[in-house]
Amino acid sequence: MALKALFLTTTALLTLGAGIGQSNAGEYYTLKNGELTRPTGYREWVYVGTPVTPNDMNNGKAAFPEHHNVYIDPASWKHWKKTGKFRDGTILIKELVSVGSKTAVSGQGYFQGEFLGLEATIKSKKAFPNEPGNWAYYSFSGPNHKSLTKTAKPFPAAACNACHENAAADDFVFTQYYPVLSVGKGTGKLATGGHNDKLNNSYQEPKASN
Ligand code: HEC
């Protein structure tokens, strides 16, 4: 009896879950009819790098100002290390941060200032069967980069996807600018860093265990 009750409860919960959105266990995002709810908690994910396109090198108005802190969800990171591929259900976050100061005690440079915005990309065959590579692109950056929206609609493929398709090194993702991803690709190893004298390999743990 108890087992039957458990089964019925589980079935009811699964049905309820399917009705709420397309979020499954193992996915770090919630989609409702293609609209993405603003992801939360990504600063606890795996940080892969920070490209910077400062306004002062882009006629005062970079397409994506200015530092771009990029994160991948932990389950997709694990899959990437094991297989060298982005799993169905991958989400990458790009958090925009202004150039604050240009000088520090260490020298002249571009130092991070204020948070400016939030972009995301998701790979899902189920949600985006017709998008190239099944990737969809989102922006939560509000007007003048002063606030964030709660949800976002996917951009048309021509707005974002095409550029990623033509110029990114790995399945629409610019891994050539994220050394953590390019060095960890398909190694089947932990990537804790500091274990190897060679700088090129310093992201990898010598023993395979993950
Ligand atoms: C002109 C080419 C171009 C266009 C158009 C473009 N991107 Fe990108 N995108 C890049 C490059 C280059 C990078 C990596 C370096 C960087 O961040 O500057 C990147 C990185 C990203 C990343 C981090 C993950 C990854 O795939 O590397 C996200 C998220 C992203 N872009 C979202 C968007 C969104 C949303 C749009 C459409 C509004 C868009 N991009 C349009 C060139 C482009």
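Modeller: Let us start with burial: a residue is buried if 20 or more other C-beta atoms lie within 10 Å of its own, exposed if 12 or fewer, and partly exposed in between, with C-beta atoms placed from the backbone. Helices (H or I, at least four residues) and strands (E, at least two) are DSSP runs, numbered from the N terminus. With those terms, strand E5 is mostly covered, as 7 of its 9 residues are buried. This is a predicted model, in which local features need pLDDT of at least 70 and side-chain atom pairs count only at pLDDT 80 or more, while totals for chains, interfaces and linings use all residues. Residues are numbered from 1 along each chain as its sequence is written.

Biologist: Thanks! What is the mean pLDDT of the chain?

Modeller: pLDDT is the predictor's confidence in each residue, from 0 to 100. Here the chain has a mean of 86, and 83% of its residues reach 70 or more. Over residues 1-23, however, the pLDDT is below 50. Beyond near neighbours in sequence, that stretch has 9 contacts in the model, a contact being two residues whose C-beta atoms, placed from the backbone, lie within 7 Å.

Biologist: And how many helices and strands are in the chain?

Modeller: The chain holds 4 helices and 10 strands. Read from the N terminus on, the order is α-β-β-β-β-α-β-β-β-β-β-β-α-α. Of its 210 residues, 29% count as buried. Among contacts between residues at least 6 apart in sequence, 47% join residues at least 24 apart.

Biologist: Now the strand pairing. How many bridges join E4 to E5?

Modeller: Strands of a sheet pair through backbone hydrogen bonds, either parallel or antiparallel. The cut-off used here is that two strands pair if DSSP finds at least two bridges between them. E4 and E5 run antiparallel and are joined by 6 bridges. Within that pair, valine 70 stands opposite lysine 94 of E5.

Biologist: Which residue is the bridge partner of lysine 94 in E8?

Modeller: That is glutamate 119. E5 and E8 are antiparallel too, with 8 bridges between them. E8 then pairs with E9 in the antiparallel sense over 5 bridges, and alanine 120 has tyrosine 138 as its bridge partner in E9.

Biologist: There is also an open sheet. Which strands form it, and in what order?

Modeller: Its 3 strands lie in the order E1-E2-E10, with antiparallel pairing. Strand E1 (31-32) and strand E10 (151-152) are at the edges with a single partner strand each, so one side of each has no neighbour in the sheet. E1 is joined to strand E2 (residues 35-37) by 2 bridges, and leucine 31 has leucine 36 as its bridge partner in E2.

Biologist: Which residues of the largest nonpolar core touch the most other members?

Modeller: In soluble globular proteins, nonpolar side chains tend to be buried together. A nonpolar core here is a set of buried Ala, Val, Leu, Ile, Met, Phe, Trp, Tyr and Cys residues joined through C-beta atoms within 7 Å. The largest one has 31 residues, and Tyr71, Leu92, Ile93 and Ala120 touch the most other members. E4, helix H2 (74-83), E5, E8 and E9 each supply at least two of its residues, with E9 giving the most, 4 residues. Leaving aside neighbours within four places in sequence, isoleucine 93 is in contact with Pro39, Tyr42, Val70, Tyr71, Leu118 and Ala120.

Biologist: Which residues come nearest to the ligand?

Modeller: A residue is near a molecule if its C-beta atom, placed from the backbone, lies within 6 Å of it. Of the 21 residues around the ligand, Pro51, Tyr137, Cys160, Cys163 and Phe174 come nearest. Strand E4 (67-72), strand E5 (91-99), strand E8 (112-123), strand E9 (135-139) and helix H3 (161-167) each supply at least two residues of this shell. By class, the shell has 14 nonpolar, 5 polar and 2 charged residues; Ala, Val, Leu, Ile, Met, Phe, Trp, Tyr, Cys and Pro count as nonpolar, Asp, Glu, Lys and Arg as charged, and the others, Gly among them, as polar.

Biologist: Last, the backbone. Which two residues does a cis peptide bond join?

Modeller: Most residues other than glycine have a negative phi, and most peptide bonds are trans. Here a cis bond joins proline 65 and glutamate 66, with omega about -20 degrees. Glutamate 66 is in the loop between strand E3 (46-49) and E4.

Biologist: Where is asparagine 134 found, and is it buried or partly exposed?

Modeller: Asparagine 134 is in the loop between E8 and E9, and has a positive phi of about 65 degrees although it is not a glycine. It is partly exposed, with 19 other C-beta atoms within 10 Å.
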